[in-house]
Amino acid sequence: MEATGQQSSKSTSTIDASMRPTESLVRMTLLRFWRDKAAVVAMVVLIVFALLAATAPWLSENVTHHEPNLLDLSKRFQLPSKVHWLGTDDVGRDVLTRLLYGARISLGIGLLAAMVAISFGGFVGAVSGYFGGFLDDLINAVINTLLSVPTIFMLILLAAFVRPTPAMIAVIIGSIGWMGVARLVRGGVLAVKARDYILAAQVVGADNRRIILQHILPNVSSTIIVVLYIDIAGAILSESSLSFLGLGVQPPDPSWGSMLQNSLSYLFRAPYLIFPPGLAIFFTVLCLYILGDGLRDALDPRLKE
Amino acid sequence: MTQFVVRRLVQSIPVLFLITLFSFILMYSSPGNFINPLEYPGEMGQEEMEMLLHNLGLDRPWYVQYGDWMWKLIHLDLGRSFKFRQPVKDMIAARLPATLELTVTSLLLALVFGILIGVLSAIYRGTIFDGISRVFAVAGHAVPIFWLGLILIWIFSVTLRWLPTGGIKSTGTEAWDLWDRFKHLILPATILSFGRVANFSRYVRGELLEVIRQDYIRTARAKGLMERVVLMRHALRNALIPLVTVLGMNLRWLFGGAVLTETIFAWPGMGRLIVNGAFQRDYPVLMGTTLFSAVLVIVGNLVADIAYAWVDPRIRLE
Amino acid sequence: MKRLGLLISLITIVSLLAACATPTPEIVEKVVTQVVKETVVQKEVVKETVIIEGTPQVVEKEVTKVVEVEKVVTPTPSAAGGEIIFGVTSDFATTIPTLSRDSTSASAQYLMYDGLFRIDPVELVPIPWLVTDWEVSDDQLTYTFNLRDDVRFHDGEPLTAEDAKFSIEALIDPYNSSVLLGRLNVITGVEVLDTYTFQVVLEQPYAPLITFLANTGAQILPKHLLEGEDLLATDFLNNPVGTGPFKFKEWAGGDHMTLVANEDYFLGRPRLDSVVFRIVPDSASLVAALKTGEVDISGIGARDIPQVQGDPHLQVIEMPSDCFYTIGANLSQERFQDKRVRQAIMYSLPREQMVAELLEGHGYVTDSYILRHSWAYNPDTQPVYRQNLEKAKELLAEAGWVDTDGDGVVEKDGEPFKFSLLSYTSITPGYNETIQQSLKDIGIQMDIQLLDWPTFLNKAFVEKEYDSFTVNMCVPLDPHNPTVWGCGTNAFFFCSEEFDEMGMKAVATTDREERKKYYFEMQNFLAEEQVRFLLYSGTTIRVVNTRVVVGQGSPRNYTLASFTLWPHEWYLVQR
């Protein structure tokens with residue numbers, strides 16, 4: 001792409017600026033972000049969801065007046081009513097309360113899985129990209145190995161090893177996802193590494209760790225931030241897929257994925273049950289994607305209007 | 001270039017070896033094995049169990065079994081499935097076309113819609129259309145696929161009776177009855193394409209927007225050409241080339257990534273073969289499909305890297 | 001249920017009459033009727049006592065009920081022909097009966113092959129099928145069988161005693177590890193006496209021999225095609241040849257299997273042209289396919305019944321199930337060794353409600369370990385466990401478990417009563433949670449651990465590392481079941497010599513009344529001891545499209561094809 005040649009001359013000045021993030025840059029980013037209305041709305045929605053999840057116990061006591069796991073076989077399949085705002089499920093539990101508690105687990109898993117994938121993947125990718133050579137080849141071989149094994153196969157077998165608490169589920173999902181992050185970060189690091197000022201720093205004798213931390217990581221940080229949101233979204237979807245396969249969160253604890261999977265068995269009989277968890281997942285993932293997009297557009301120094 | 005390709009292929013062999021070894025160890029260290037469901041009390045006696053274990057070769061240490069599998073592999077034999085007693089090669093060959101039909105169609109659909117949405121968003125960037133189309137593209141990806149699948153089956157099959165509930169064709173119809181095949185294919189392929197439309201459209205939009213800013217485009221505009229023509233002729237062509245790399249990376253998905261869709265729509269494909277194999281601990285099937293998948297990843301990476309290099313001269317193929 | 005019983009009696013009488021006429025089965029025009037469920041709206045005026053402002057008053061209310069009424073209908077047969085489509089959730093493991101271990105495979109084999117005997121779907125006893133008559137020697141060690149002479153394989157070759165010998169030997173060959181190996185290895189040898197006569201020699205008298213020869217796994221294989229072949233690696237798998245009413249046509253792996261009518265079937269050409277098995281892995285998709293008519297017959301779970309009930313094209317057939325829902329506790333753990341603790345657990349469970357709700361009423365609570373439709377069932381098994389939380393708490397307290405610190409969980413010697421329940425992912429939803437809730441109400445904390453099926457089986461039955469597990473336990477019809485209850489062979493560390501002794505005595509005699517006495521005692525014994533918590537038994541449910549006539553369900557319902565009409569008698573209705 002011929003554009004690249006021209007770009008480097010422009011980008012040097014931008015990079016100088018980003019070497020020492022200034023207040024004005026941060027403010028510019030925020031302004032750009034603010035202009036993307038969709039992203040702002042998405043962020044607000046996500047914050048609301050997170051708050052609802054965090055206050056679920058309080059809400060269940062004072063607002064919905066139900067417990068999430070208390071079952072009552074005589075109250076099954078009740079349609080939404082004043083007592084049960086979203087109705088009851090197949091064993092008589094209140095759907096809304098379960099949805100709130102499920103938010104804690106699903107959002108929690110999403111966050112944790114993404115953290116696992118990004119911290120591990122980011123580290124490996126950075127090391128691999130920066131040091132290159134044999135280490136890079138070795139790590140690439142490992143990553144290729146893991147990426148070659150069909151995901152489903154790994155998921156099912158890994159899940160058999162551990163006791164499927166939400167934390168372990170998050171770790172499993174993260175351990176399937178870190179490879180992609182590593183690849184991305186490695187690519188980003190490779191691109192940054194080629195820039196002159198890095199060579200300059202190396203000539204000057206700055207030690208590697210300092211270079212990575214101070215120069216390289218900040219430049220790939222925008223990649224990482226965007227990937228974070230996409231990873232969280234992906235993890236939430238993976239959680240629901242795991243539940244579909246029967247490997248998800250254990251009963252009686254609710255998660256959006258397990259609620260969804262359970263409700264699909266009663267599709268023709270109690271269709272109202274499939275919407276709360278399905279829509280919850282849908283809107284959360286949607287907002288995460290839009291937010292991620294918005295952030296990427298805002299952070300990308302090249303997209304100047 | 002040829003040197004590069006050859007070197008990469010040679011480098012792949014130890015990687016393949018590593019992959020098969022890793023998979024084998026993973027399978028053998030996981031709890032549960034093929035025999036367990038058959039040991040279900042009352043079903044099998046001790047004698048039968050031991051004989052079965054022996055027939056399947058499961059009473060040998062894992063490295064012996066691995067060696068045996070590798071030996072067979074060199075003779076291009078992938079062994080026989082524990083459950084079905086059929087050659088794994090044949091089982092994969094039987095199911096591959098079905099999966100390909102589904103995934104290739106959905107990939108094509110995703111490309112068409114992705115490019116369309118991407119181009120339109122880029123042209124009308126900043127407007128409501130841009131926002132809506134971006135949301136629309138992402139929405140399809142945000143929905144759990146089995147949820148959407150069942151809802152659509154409910155609407156289109158059970159309620160409206162327009163489309164069948166699943167399968168690759170109706171029983172009793174011939175395989176070349178295209179209308180019947182189309183009716184069976186349209187729903188799963190469309191749902192499957194949603195996941196990719198989001199990525200493709202964002203990718204195309206991003207690339208297009210970047211290309212727009214380049215000088216030669218400015219020059220072309222200065223010459224007075226209409227913006228649309230400018231985009232179509234120069235920008236689009238350049239922006240689309242990197243898409244090839246994306247396709248390369250998707251290769252593995254093409255062959256085994258449609259598990260959930262295949263389950264919901266009773267599609268007789270590879271994805272289900274892998275899932276069932278994993279749940280039943282049918283090692284020959286798992287090893288065969290893993291090997292297949294691994295080869296695809298290697299080829300896919302190779303294609304992607306070559307495409308990258310072709311497109312971006314900065315990256316030299318070392 | 002009563003009407004069903006009348007129906008079965010009617011069919012039984014007719015078929016008995018027919019059976020008495022000749023010792024071998026013929027094409028019997030059974031009077032087949034179908035029970036069709038219709039929904040009818042009934043309005044009733046009901047008097048209710050309502051408290052209005054403190055005073056009770058009698059008020060009349062009109063109540064609208066939607067009631068299901070069973071109508072008995074005799075459908076008019078159509079001209080011969082047509083196709084029936086079965087829906088199954090998993091692919092066929094094998095087309096060879098000897099190797100068969102799952103019901104899906106057995107369903108297809110039931111249509112492609114014949115056995116020496118077959119279990120009568122109504123009477124539940126083995127009747128001669130390929131065999132015309134037989135003799136047993138005085139010492140009960142030698143059986144001489146005579147075969148029919150008019151049976152041919154699908155490739156035209158006649159069925160002879162050589163094929164019978166080959167098939168039986170394949171069953172007892174340890175290499176094939178047939179499911180019937182353990183049950184038929186009393187056979188020491190098979191001798192061919194002439195073209196249609198052969199002898200089976202046993203090493204000891206064995207009452208269930210004929211019953212097991214009637215099993216679908218014992219159906220006859222063609223020797224001329226399989227002699228010398230390794231059954232585990234033969235191409236015959238992809239081109240099976242039997243003598244049954246339907247011939248193999250094609251098998252698209254993972255998708256469907258097609259069988260077509262055998263024109264030369266020894267009982268006459270089947271009325272149908274073809275039978276197809278379609279594989280639909282997801283249960284919601286399967287229900288959808290039933291509703292659209294893409295699948296005619298399928299098995300479903302109790303919870304799916306409300307989803308198909310309203311549909312006028314679908315008929316729900318229920319049959320007694322061979323399975324119990326059970327919980328097995330690890331009896332090597334001290335806390336479970338006290339009988340009172342086990343009884344307390346049983347008393348805490350709302351079993352009637354579970355059947356009414358989780359099984360939608362399709363099942364029955366039982367305290368006996370023997371199936372209700374078995375001849376050995378003791379209807380007065382004592383003690384009976386109705387849910388009684390107070391009694392449960394009392395028993396726990398007696399055993400030393402009391403809640404001393406008020407945290408809701410009982411303790412003994414400082415140890416709180418907490419244990420984990422191992423279960424698997426495809427169990428009835430709500431089952432584990434209900435148990436958990438009930439135990440919580442008496443102060444026991446149980447948490448649930450779900451595993452996938454192979455891992456579950458491995459942990460529960462192989463490694464035996466568990467506190468407790470739940471499982472849907474299916475038992476054979478014959479009450480002799482040492483693997484499940486016998487000392488040393490069972491999976492939950494139960495050992496009672498007394499019980500084993502009674503079991504041995506029961507099987508040493510062929511006098512049914514005497515055997516019954518022993519089994520009645522054994523049922524009371526286990527009910528008292530509660531070594532394995534038997535909650536209830538469900539029903540096996542089939543959904544049949546009303547355009548298809550296959551008769552009624554049979555308690556011998558191991559395969560999807562087990563109905564009161566033989567497969568060659570199935571037909572489509574002209575509507």
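This is a predicted model: local features need pLDDT of at least 70, side-chain atom pairs count only at pLDDT 80 or more; totals for chains, interfaces and linings use all residues.
I started at a strand end: C:Asp194 stands opposite C:Thr197, which sits in S9(C). Strands here are DSSP runs of E of at least two residues, helices are runs of H or I of at least four, and both are numbered from the N terminus.

Residues are numbered from 1 along each chain as its sequence is written, chains are lettered from A and ligands numbered from 1 in the order written, and side-chain values use heavy atoms, with hydrogens and water left out.

**Hairpin in chain C**

I looked up what holds that pair of strands. S8(C) (residues 187-194) and S9(C) (residues 197-202) run antiparallel and share 6 bridges; pairing takes at least two bridges by DSSP. A hairpin of 2 residues links S8(C) to S9(C).

**Chain C overall**

I noted 17 helices and 23 strands in chain C. Of its 575 residues, 57% count as buried, meaning under 20% relative accessible area, with exposed over 50% and partly exposed in between (1.4 Å probe, protein chains only). Among contacts (heavy atoms within 4.5 Å) in chain C with a separation of 6 or more, 69% are between residues 24 or more positions apart.

**Cores**

Next I checked the nonpolar cores, i.e. sets of buried Ala, Val, Leu, Ile, Met, Phe, Trp, Tyr and Cys residues joined through side-chain atoms within 4.5 Å. The largest has 143 residues, and C:Tyr431, C:Phe456 and C:Leu535 have the most contacts inside it. Helix H12 of chain A (residues 275-299) gives the most to this core, 12 residues. A second, separate core has 83 residues, including C:Leu159 and C:Trp570.

Which residues does C:Tyr431 touch? Leaving out residues up to four places away in sequence, I got C:Tyr325, C:Thr326, C:Ile327, C:Met354, C:Leu358, C:Thr470, C:Leu535 and C:Tyr536.

**Chain A against chain B**

I finished on this interface, where 52 residues of chain A meet 53 residues of chain B. The two chains bury about 5,000 Å², 70% of it on carbon and sulfur atoms; that is accessible area (1.4 Å probe) lost on putting the parts together, summed over both. I found 0 salt bridges between chain A and chain B (Lys or Arg side-chain nitrogen within 4 Å of an Asp or Glu carboxyl oxygen). H12(A) supplies the largest share of the side of chain A that touches chain B, 12 residues.
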